[in-house]
Amino acid sequence: MTKARVAIEAGLDWINEIVAEYSQQKWPLIPLVQKIQSEFGYIPPQSIPIIAKAVGLFPSQVQGVISFYEQLYTEPRGKKVVRVCRGTACHVRGAKTVLKLVKQHLGVEEGQTTPDLEYTLETVACIGVCALAPNIVVGERVCGHMNPKKVEQLFKKSGG
Ligand code: FES
């Protein structure tokens, strides 16, 4: 059984409690799903019928709202999101190689999360510190002037 599955099963009672709390509000859907995501790291698909019932919508309508917002996730996310910059400055200074190396170290593709739920890998257009290109952001930390050795040092604990 995966960590995420255990977390879901352990958390369904708790999700029911949050849903009951928010169902007292007039327009509870967005704050409710945000609350669940902030506590769980994502919105477990198993919680969608519970949420739908509480707010008087069909599960497909709740799913539609969740799908509309890029900031809402129905799959587990890593503790840290790794964002590799693919902007022009980073691109000309080797972002493609950096991305390839990060993928190798983490063993995932863009948009995927490592099985240990440590990292989710994403790419971004520009993070605004082009002078330090090529850049990646790990969690809140900007890592500039990336090269193969720095990538290795950053992720050596991940076992990748
Ligand atoms: S292009 Fe990468 S930080 Fe601007």
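Read from the N terminus, the elements of the chain follow the order α-α-α-α-β-α-α-β-β-β-α, which amounts to seven helices and four strands, where helices (H or I, at least four residues) and strands (E, at least two) are DSSP runs numbered from the N terminus. The model is predicted, so that local features need pLDDT of at least 70 and side-chain atom pairs count only at pLDDT 80 or more, while totals for chains, interfaces and linings use all residues. Residues are numbered from 1 along each chain as its sequence is written, and side-chain values use heavy atoms, with hydrogens and water left out.

Of the 160 residues of the chain, 36% count as buried, a term that stands for under 20% relative accessible area, with exposed over 50% and partly exposed in between (1.4 Å probe, protein chains only). The largest nonpolar core has 17 residues, of which L32, V33, I36, I51, V62 and I66 touch the most other members; such a core is a set of buried Ala, Val, Leu, Ile, Met, Phe, Trp, Tyr and Cys residues joined through side-chain atoms within 4.5 Å. Helix 1 (3–22), helix 2 (29–40), helix 3 (48–55) and helix 4 (59–68) each supply at least two residues of this core, and the largest share, five residues, comes from helix 2. A second, separate core of 16 residues includes L101, V102, V108 and L121.

Within the packing of helix 3 and helix 4, I48, P49, I51 and A52 in helix 3 meet P59, V62, Q63 and I66 in helix 4, contact being heavy atoms within 4.5 Å. The axes of these two helices come within 8 Å and cross at roughly 105 degrees, and helix 3 and helix 4 are therefore roughly perpendicular to each other, the word used for angles of 65 to 115 degrees, whereas under 35 is roughly parallel, over 145 roughly antiparallel and the rest oblique. Axes here are lines fitted to C-alpha atoms, for helices over the stretch in contact, with angles from 0 to 180 degrees between N-to-C directions.

The aromatic pairs come to three, counting rings of Phe, Tyr and Trp (its six-membered ring) with centres within 6.5 Å, where planes under 30 degrees apart are stacked, over 60 edge-to-face and the rest tilted. The rings of F40 and Y42 are edge-to-face, because their centres lie 6.2 Å apart and their planes stand at 70 degrees. The rings of Y119 and F155, with centres 5.3 Å apart and planes at 85 degrees, are therefore edge-to-face. Because Y119 lies in strand 2 (residues 119–124) and F155 in helix 7 (residues 148–155), this pair ties together parts that are 36 residues apart in sequence.
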